[in-house]
Every structure is written in structure tokens, then in C-alpha cells.
Amino acid sequence: MPTLPDVSCEELCSLSKLAIGESSLLSADQVRALLEWIQEQSSGAVFPFLAFTAGTALSPGEAASVRVQDVTLPEGELGEVLVRAGQGRRVPVSPDIVGVLRRWINEAGLEAEDLLFPAERGGPLASSEYKSVWSQARQAVLSSGEVRAHLGERVSSLRDSCLDRWLEAGVPAWGVAEWGGVSASWIALRYPHRFRLEDIELDWDHLEEILRLPDVPER
């Protein structure tokens, strides 16, 4: 009889900590409200940077290293960003984020080889700058209870929420994994609420048909 592989206590703890509950994720409405506040209250690259992160599920570090030449931004259409980190991957960019980026590139006068989100004095956008704005936005937009519960405490919460919305929209787990630069098993462990059997509409007649055994003649 095959045996299950040994799993250490440390590995079990790591797996249990990976899962994130629905209540710990920013909703689409909350993300929009936060970005609207940031757009009105901040300047420079902070708003387009956070909007881009929210719409592509890139980590803040990945987003900060993107250059203008890495994005394809057809007006009014779905765009694409080439993420060069790791093994490299291509991630779709929704038309509304395409519009944000086109306006930002034009306003900032950026060239193809420039960083997409440079700091006002040059160089990459400092994490301290966008983290400060993000913290202010949370205090202004979220309820006191949500703030105390640490909802969206980190900028990387935008990545988590985007990956979750892709799953909710019906993008297959392997597709979300490819766009997110992770494995499909990581996606399943991270968002277990998207893989509940009771939430799936099964075609029982079709299932019965494909599981049916061939007719065996009687002897």
C-alpha cells in the first residue's frame, strides 16, 4: 500500500498560514474607493503605480522595475505587461488601466527605456513613498473596525485581491497561476474558498455518462 510522504510540522504550519480567508481580502469596491482617494490626494507616480499593481497582481517590487518598453498599451483595448523577473511572464492589462498608464506616460514625458514609475527626482519609486500614501488612504476610506482588523494593511494586499477576483471571474487556476508567477497548487492553497465543491454546478447526467463502465457480457 502506498504511503503518504512525510510532512514536517514546520511544513504543515507553513501551509496553514498560506491560506487567506475572504474576509481578509479587499473587495473590488474597497479597492476602487482606495484608488479614488489616492488619485485625488497624491501626486507623481504613486496613483498609476498602485492602480497598475491592483489591476495586474504584480508584487510592488515587480511593478517598480517595469519599464515603458515592457508594456503594450493599445488605446481602448486589452494591453499586456512583460514581467522580466524570475522566468518571465506576460500579464494582461485591462483597458481602464491601459488608459491610466497612457495618460501617465504622456504627462511624465517618459521614453521607452525609462522606468514606468520613476520617483520625482529620478530612480525607482521609493517604497516608503507609496506605503505612506497607502496607509493614509486606509485610514481615510476604510472603517475603524476594518483598519483595526488589519484589512489591506500591506500594499501587497492589492495583489492578493486581484488574484482572487480573477478566480471569481472564472479564470482557470492554472491561468491565474501563470499570470501571478506562482504554481497552481499555491493558488489552491492560498484561496481555498474558490475551490469549494458545494459552489460548483455539476452536470450529474454528464458525470454519470463518463463514469459508466462498459457493458460486460454475462458468462
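Visitor: In the hairpin of β2 and β3, which residue takes a positive phi?

Guide: This is a predicted model. Gly 86 takes the positive phi, near 65°, and five residues lie between the two strands of that hairpin.

Visitor: What makes β2 and β3 a pair?

Guide: Two strands pair if at least two bridges are found between them. β2 and β3 have five bridges, in the antiparallel sense, so by the cut-off of at least two they pair. At one place along them, Val 83 stands opposite Arg 89 in β3.

Visitor: How do you know that β1 pairs with β2?

Guide: Strand β1, residues 71–72, is joined to β2 by two bridges. The requirement is at least two, so the pair counts. The strands run antiparallel. Val 71 has Val 81 as its bridge partner in β2, and Thr 72 stands opposite Glu 80. Six residues separate β1 and β2 in their hairpin, where Gly 76 in the turn has a positive phi of about 75°.

Visitor: Why are β1 and β3 called edge strands?

Guide: The three strands form an open sheet in the order β1-β2-β3, with antiparallel pairing. β1 and β3 each pair on one side only, and that makes them the edge strands. Helix α3 packs on this sheet and touches β2 and β3; its direction makes about 105° with that of β3.

Visitor: Why is β2 described as largely enclosed?

Guide: Four of the five residues of β2, residues 79–83, are buried, so the strand is largely enclosed by the rest of the structure.

Visitor: Which residues have the most contacts inside the largest nonpolar core?

Guide: They are Ile 38, Leu 50, Phe 52, Val 81 and Leu 116, in a core of 56 residues. Helix α3, residues 46–56, gives the most to this core, with seven residues. In soluble globular proteins, nonpolar side chains tend to be buried together.

Visitor: Why does Phe 117 count as buried?

Guide: Buried means under 20% relative accessible area. Phe 117 has 0% relative accessibility, so it counts as buried. Phe 117 sits in the loop between α5 and α6. Beyond its neighbours within four places in sequence, Phe 117 is in contact with Ala 45, Pro 48, Phe 49, Phe 52, Ala 63, Leu 101, Trp 104, Pro 124 and Leu 125. Ile 105 is 12 residues from Phe 117 in sequence, and their C-alpha atoms are 9.0 Å apart.

Visitor: Is Gln 30 buried or exposed?

Guide: Gln 30 has a relative accessible area of 18%, so Gln 30 is buried, the cut-off being under 20%. Gln 30 belongs to helix α2, residues 28–41. Apart from residues up to four places away in sequence, Gln 30 touches Leu 25, Leu 142, Glu 146 and Leu 151.

Visitor: How do α3 and α8 cross?

Guide: The axes of α3 and helix α8, residues 157–168, come within 6 Å and cross at roughly 35°. On the α3 side are Leu 50, Thr 53, Ala 54, Gly 55 and Thr 56; these meet Leu 158, Cys 162, Arg 165 and Trp 166 in α8. By class, this contact has five nonpolar, three polar and one charged residues.

Visitor: Which residues of α9 are buried?

Guide: In helix α9, residues 173–180, the buried ones are Ala 173, Gly 175, Val 176, Ala 177 and Gly 180. They pack against β3, α8 and α10. Gly 181 follows α9 and has a positive phi, near 75°.

Visitor: How many helices and strands does the chain have?

Guide: There are 11 helices and three strands. Along the sequence the pattern is α-α-α-α-β-β-β-α-α-α-α-α-α-α. Of the 219 residues in the chain, 38% are buried. The chain exposes about 13800 Å², of which carbon and sulfur atoms supply 51%.

Key:
Residues are numbered from 1 along each chain as its sequence is written. This is a predicted model: local features need pLDDT of at least 70, side-chain atom pairs count only at pLDDT 80 or more; totals for chains, interfaces and linings use all residues. Side-chain values use heavy atoms; hydrogens and water are left out. A nonpolar core is a set of buried Ala, Val, Leu, Ile, Met, Phe, Trp, Tyr and Cys residues joined through side-chain atoms within 4.5 Å. Buried means under 20% relative accessible area, exposed over 50%, partly exposed in between (1.4 Å probe, protein chains only). Contact means heavy atoms within 4.5 Å. Axes are lines fitted to C-alpha atoms, for helices over the stretch in contact, and angles run from 0 to 180 degrees between N-to-C directions. Accessible areas come from the Shrake-Rupley method with a 1.4 Å probe; for residues, only the protein chains shown count as cover. Ala, Val, Leu, Ile, Met, Phe, Trp, Tyr, Cys and Pro count as nonpolar, Asp, Glu, Lys and Arg as charged, and the others, Gly among them, as polar.
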